[in-house]
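Open your viewer and keep the selection panel handy. We will go from the whole chain down to single residues.

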Amino acid sequence: MAATERSTRDRLLDAFETLLVSAGSRSATLDAVASAAQVSKGGLLYHFHSKDELVDGMLARLREQGRADVEKMRTARKGPVDFYLTTSINTGSDFDRALIAASRIAQDNDSRASDALGDLREWWFAVLLEHLEDESLARTIQLIGDGLYFDDTTGLNEKNALKHVRDVLTRLGAL
């Protein structure tokens with residue numbers, strides 16, 4: 001398999017996430033996912049027997065992506081705070097798509113998605129706390145990152161938001 005070729009399972013999860021992000025949970029039917037992934041419905045059912053299994057697969061993959069992100073954050077050249085803030089802007093990555101898709105599922109009151117997103121937040125917080133050794137400052141930076149992500153993903157896009165945040169955190173000695 002070529003390095004850029006995605007497995008059928010990943011193509012199905014990609015299609016599911018894309019449908020969730022672009023049109024919401026109701027549109028992400030098994031038929032729509034199979035069509036978007038260019039896989040027969042039988043091919044989809046081979047990997048995922050139900051929409052619930054698609055959600056489980058998506059959240060398992062999100063957690064894997066989250067663990068990789070936490071490791072990048074922990075070892076970032078400019079430090080965890082800068083990494084966290086820089087990545088609190090939607091880059092259109094697979095991870096961003098997965099985060100937004102999981103939030104759509106969480107909005108449907110699915111505790112699995114809420115739990116997965118909560119786990120990611122705690123993992124990121126643990127790295128911030130370890131680095132800053134100040135719980136209040138770590139939580140504040142996490143909330144600032146949340147605000148940056150909200151601003152960016154809702155289209156509000158204050159174009160200098162990250163610069164303003166960096167300026168203030170530099171003055172406070174947090175960067």
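Helices (H or I, at least four residues) and strands (E, at least two) are DSSP runs, numbered from the N terminus. Two notes before we start. Residues are numbered from 1 along each chain as its sequence is written. This is a predicted model, in which local features need pLDDT of at least 70, side-chain atom pairs count only at pLDDT 80 or more, and totals for chains, interfaces and linings use all residues, while side-chain values use heavy atoms, with hydrogens and water left out.

**Stop 1: the whole chain**

Show the protein chain as a cartoon. The protein chain has nine helices and zero strands. Its pattern along the sequence is α-α-α-α-α-α-α-α-α. Now switch to the C-alpha trace. Along its principal axes, the trace spans about 60 × 30 × 30 Å.

The protein chain exposes about 9,700 Å². Carbon and sulfur atoms supply 51% of that area. Accessible areas come from the Shrake-Rupley method with a 1.4 Å probe, and for residues only the protein chains shown count as cover.

How much of the chain is buried? Of the 175 residues, 41% are buried. Buried means under 20% relative accessible area, exposed means over 50%, and partly exposed lies in between (1.4 Å probe, protein chains only).

Contacts come next. A contact means heavy atoms within 4.5 Å. Take the contacts between residues at least 6 apart in sequence: 65% of them join residues at least 24 apart.

**Stop 2: the nonpolar core**

A nonpolar core is a set of buried Ala, Val, Leu, Ile, Met, Phe, Trp, Tyr and Cys residues joined through side-chain atoms within 4.5 Å. In soluble globular proteins, nonpolar side chains tend to be buried together.

Select Phe-16, Met-58, Leu-62, Leu-85 and Ile-141. These residues have the most contacts inside the largest nonpolar core, which has 51 residues. Elements that give two or more residues to this core include helix H1 (8-23), helix H4 (51-74) and helix H8 (135-153). Which helix gives the most? H7 does, with nine residues.

Keep Leu-62 on screen. Setting aside neighbours within four places in sequence, Leu-62 is in contact with Phe-95, Ala-98, Leu-99, Ala-102, Ala-116, Leu-117 and Leu-120.

**Stop 3: Arg-97**

Select Arg-97 in helix H6 (residues 94-107). Is Arg-97 buried or exposed? Arg-97 counts as buried because its relative accessible area is 18%. Show its side chain. The side chain of Arg-97 makes a polar contact with the side chain of Glu-17, at 2.8 Å. A polar contact is a pair of N or O atoms within 3.5 Å; within protein, one must be able to donate a hydrogen and the other to accept it, and residues adjacent in sequence count only if both atoms are side-chain atoms.

Now colour what Arg-97 touches. Not counting residues up to four places away in sequence, Arg-97 touches Asp-14, Glu-17, Thr-18, Val-21 and Arg-61.

**Stop 4: Ser-25**

Move to Ser-25, in the loop between H1 and H2. Ser-25 counts as buried because its relative accessibility is 17%. Which side chain does the side chain of Ser-25 meet in a polar contact? It is that of Asp-108, at 2.9 Å. Leaving out residues up to four places away in sequence, Ser-25 touches Leu-20, Lys-51, Ile-105 and Asp-108.

**Stop 5: Tyr-149**

Select Tyr-149 in helix H8. Tyr-149 is buried, with a relative accessible area of 18%. Among the residues Tyr-149 touches, not counting those up to four places away in sequence, are Ser-88, Asp-96 and Ile-100. Draw a line to Arg-67. Tyr-149 and Arg-67 are 82 residues apart in sequence and 19 Å apart in space, C-alpha to C-alpha.

**Stop 6**

Go to Thr-75, in the loop between H4 and H5. Thr-75 is exposed because its relative accessibility is 53%. Thr-75 and Val-127 are 52 residues apart in sequence and 10.0 Å apart in space, C-alpha to C-alpha.

Then select Asn-109, in the loop between H6 and H7. Asn-109 is exposed, at 72% relative accessibility. Its phi is near 65 degrees, a positive value in a residue other than glycine.

Finish at Glu-133, in the loop between H7 and H8. Glu-133 is exposed, with a relative accessible area of 69%. Glu-133 is not a glycine, yet its phi is positive, about 55 degrees.
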